[in-house]
Amino acid sequence: MAAAWTERSYLELNAAARGPPRRLREVVFSPPGTAPLPAGRYGDSAGGFCYQESAQTTSGDTVELVEESLDVNLLNNAVRLRIQGCPFLPGGVHLCEVQSHLVVLLVTGQTVHRLLLPHPARMYRSELITESQMQSVFTDIGKSNFRDPSNYYVIPNVPGLASNSVASAAWLSSEGEALFALPSASGGIFVLKLPPPDVPGAVSVVELKQSSVMQRFLTGWMPTAIRGDCSPSDLPISLSVHCLDHDAFLFALCQDHKLRMWSYKDQMCLMVADLLEFMPVSRDLRLAAGTGHRLRLAFSQSLGLYLGVYMHAPKRGQFCVFQLVSTESNRYSLDHISSLFSSQETLVDFALTSAEIWALWHNEENQTVVKYINFEQNVAGQWNQVFVQPLPEEEVTVRHDQDPRIFSQGAERHMDLTWDELRKEVTLAVESEFQGSVTEYECSPEEFWQLQVEFWSKFYACCLQYQEALSRPLALHLNPYTGMVCLLKKGSLSFLVPCSLVDHLYLLSNEHLLTEDDAAIFDDLEMSRDVVCLVQCLRLIGESISMEMAFIMEMACSRLQPPEKAAEQILEDLVANDTENVMEEIHSKLQEIRNPIHAMGVLIREMDYETDADMERGESRAHHLNMRLNLTQLYGSGTAVSAVCWGVCKIATIRFLICRDLLILQQLLLRLGDPVSTALAATAELFELGEESNLQHLSVLELADTAALTPHKLGKVSTAHGFLVFIWPSNPGFLFPECLMGSCQYTQLQEYIRLLQPWCHVNMGSCSFMMGRCYLVMGEGHKALDSFCQAASEVGREEFLDRLIQPEEGEMVSSPRLQYYNKVLRLLDMVGLPELVIQLATLAIMESADDWRSQATLRTCIFKHHLDLGHNSEAYVALTQNPDPSRQLDCLRQLVVVLCERSQLQDLVEFPYINLQNEVVGIIESHARAVDLMTHNYYELLYAFHIYRHNYRKAGTVMFEYGMRLGREVRTLRGLQKQGNCFLAAINCLRLIRPEYAWIVQPASGAVYERPGASPKRSHDGECMAVPTTRQIEILELEDLERECVLARIRLTLVQHDLSTAAVAGNSTPEETVALLVRAGLFDTAVTLCQTFKLPLTPIFEGLTFKCIKLQLGGEAAQAEAWDWLAANQLSALVTTKESR
């Protein structure tokens, strides 16, 4: 419905508010042969150059050079260059781009300089820069050769620099020479030429006086102005240059109101034009010297060279646009295109394109005014407004109930101190000045407070002056390649972006709104008039709302209360306090609207980014976005991100005000009897959309990973409007919450979702999932689980959740709902919330009744976390319910190991293990045979397991095997002690069984227990040896165990008597044990062993005989030793007494 409408208002977006901190490096140079000039001789100025984005500001003898990029953050991108005693001419910084270098040409009041910098294309040769930051061209400026005498030159006294002109121009010739055009002290222009870098040569000075040899013959009858002779009236006050292949056209706007065009190559004046012919002039103006004129050039490959001239007159000014026309015989003339008038007082700067003029003024109140006009299409000469940031407040008001020390962190970050350190230093400075000025020792609290307010107010005044100086624009900069317009300030940069139709109408001043061309709004003229009248009504309402009334609406929306009720309350307050008959004026305006409901619908649709046209544009942008997702550097710098964020914030704020005023107007219409209920509901919903965006989320958001969401040209389209399509809550996209989550903005994300929940029914499940993520971060796990469960119902219906459940490579594919549960379970497990994992897995089991694989996975998950929490009984139940036998066996194995490590053996023994007893026994046996016998008690566990189930034979078998292994593997005193106890336990078990069943099976001597995980046995040639399939089985009865028990007790006695025998006694046969006993002198014990195993006593007597013979032949030492082994035997069996006869 909207017409093809090009001229709209623009809005300033301050990129410095959230941009990266800028730290200026100091570089100082003192040219020899110069005398210091006054620092305040020239005013501050600024300018820009586009290859990425470069800006400079001059103040006195200092120039600040700053390089900005909209795609990457630049390191070391700001430098402050000071040429001592040589103040810069306003606009005296010129940048030229050649293939390998950026050349900075500087003009001061005494010198000219050339500064060579590397070109970014040479610094970074790769086509795609993957880093988020890169070095600036100013990084190595301290190493540059600007101190080389060949790169600077002192302006000679003859012809000398004019004192009453600040014009300058500089350019590079095709041979690489640096040329500087300056106003001559005697009138006219002189040009300094520095030879190319690294090429020896002298500096030449050319004064442009005569235009051609032919004019020397025509001097007698040709006017002086045409001839080109110089006089003080010819003094140029604005210079511009247009470079050709082998020449340069130098345009000079002189104080005699004439424009002169010179050819530098021919040193000839090619054209003189009297500009007073194109403006209404008086005799006084013709005689007065023109000092405020400005000249700008704009070149187009298709249209040629345009000249823009600003002619300054007292209390008025005029812009004239010309096109340079070439005639025969190298003659040129100006084709007048347009004349535009302005009543502004002081022109600061203006920029020219082949179709537009952008101008920057200071009005009578010293406020900044920026406007632009399309001089080709705007026949009426109506300038378009640019809504700039207001200057800071003139004063800080301190209330009586307030501490005078008010601290608020501003946007500027030009400091090396932290915020706390800065506060400390400021407080100390003000307090010390306060104490130094107070002479009386005692004063009342009121006087003390008043004095504090006085001193702190002085400090605030200084701060406000500083902020005002930083906030005041010094120049306009227009990118000729993209049409992007910037305002250059001291230390910051701001962008101008076009307003939407609704924002344009709402922000326009009353006089501009009344003169708005209806045909330029909509194709339907009647509808255009209705919309304009409607916007006028909204403006009247907005201007009447006080801060208290506005706060009512903001609080209602923040508390999720119906905005219609708040609008009704505000309307009642407006009616009750209507002292200026605003309601009557609104009522009169409403009478002029032919169809108010239709007009409201049009206005709402223009603000709603969910309309069909906008959705189609959004889809096309989304498609384009998908093609560029890997270009994360596109508009990824802090400067560009800050501009986009502030743009969205500005739009949301304006839409909030429009919706608020529209709701109040609809309440007024309802009171008057008009049926606007449909429009009221639509406005209320849109109002909620505006309110959620109005939260200053984006102003604090770093969008480095999602900077590719913005359209390509910030200057040509409203990037913020394009961005809003993606973050509009009613659209299916979910990029904005994802971005908030990715940037760890959890508090803002929670508030965003809270404001959406009552009314937005799009992406409800995705919002619930995001809210769950926020709760997890905040440590509110149970709330997170509730949110995750709410989101499960929307799985398969929302794009974000569908992307979330995409299976990974090798992952088992199940139903969407189960895949979602698996993702959430992993998330909860990663955070470390096992209780919530169990709850969610239990819930998920209900969804997987027909999927036994998923059930097995979920049961395993429940088992694992119950076991980790020490819920042994619950872990056992989960284990028994697992439908997958392999997973069940794995869980059982884990249960046994963990409970053993925790020494929770009673639980392990007492579990019933229905249909799993053999598996449990096998697991415990495999562990018992695989681990060290003295550090783990798996045999004792298995013994207790069988005893608990009254399986005494198996219990006895376990203990007998334990004892046998102790004898073979643990040949120590402690091992033999445990061996004896094991055999006793085995005997006890068999004695509990009926005699006919009191037997066990023992593997044949030398059998090896197969341990799980052991490497296979191989022969000498490396081949795996075959495992024997048959074993020799030996049945052991109770008597056999008793004999083994006796043997174990005797071995223990032997080792207790002689520890050196432990290594051989542990697994010795009865015969070997007898020999060891005889050797140790334990004859009585040896007799007992022989009697038990029915062995001959011959070795015992032989040994005793040998000892006696040895004793008889030995001395006293041998006799003393004999008492030791005799004491180890029972004397009653060896000594004959009377009673024994």
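1. Surface. In this predicted model, the accessible surface of the chain comes to about 56200 Å². Carbon and sulfur atoms hold 52% of that area.

2. The chain has 1141 residues, and 50% of them count as buried. Take the contacts with a separation of 6 or more: residues 24 or more positions apart account for 61% of them.

3. Secondary structure. There are 38 helices and 33 strands in the chain. Two helix pairs are worth a look.

4. H13 and H15. Helix H13 spans residues 596–607, and helix H15 spans residues 638–672. Their axes come within 12 Å and cross at roughly 160°. Angles over 145 degrees count as roughly antiparallel, so H13 and H15 are roughly antiparallel to each other. The crossing is left-handed. On the H13 side, the contact is made by Met600, Ile604, Glu606 and Met607. H15 brings Arg655, Ile658, Cys659, Leu662, Leu665, Gln666 and Leu669. By type, the residues of this contact are eight nonpolar, one polar and two charged.

5. H33 and H36. Helix H33 covers residues 1038–1057, and helix H36 covers residues 1083–1093. They pack at an angle of about 165°, with axes 10 Å apart. That angle makes H33 roughly antiparallel to H36. The crossing of H33 and H36 is left-handed. H33 contributes Arg1043, Val1046, Leu1047, Ile1050 and Thr1053 to the contact. From H36 come Thr1085, Leu1089, Thr1092 and Phe1093. The residues of the contact of H33 with H36 divide into five nonpolar, three polar and one charged.

Notes. Residues are numbered from 1 along each chain as its sequence is written. This is a predicted model: local features need pLDDT of at least 70, side-chain atom pairs count only at pLDDT 80 or more; totals for chains, interfaces and linings use all residues. Side-chain values use heavy atoms; hydrogens and water are left out. Axes are lines fitted to C-alpha atoms, for helices over the stretch in contact, and angles run from 0 to 180 degrees between N-to-C directions. Helices (H or I, at least four residues) and strands (E, at least two) are DSSP runs, numbered from the N terminus. Angles under 35 degrees count as roughly parallel, over 145 as roughly antiparallel, 65 to 115 as roughly perpendicular and the rest as oblique. A crossing is left-handed if the near helix is turned anticlockwise from the far one by less than a right angle, and right-handed if clockwise. Contact means heavy atoms within 4.5 Å. Ala, Val, Leu, Ile, Met, Phe, Trp, Tyr, Cys and Pro count as nonpolar, Asp, Glu, Lys and Arg as charged, and the others, Gly among them, as polar. Buried means under 20% relative accessible area, exposed over 50%, partly exposed in between (1.4 Å probe, protein chains only). Accessible areas come from the Shrake-Rupley method with a 1.4 Å probe; for residues, only the protein chains shown count as cover.
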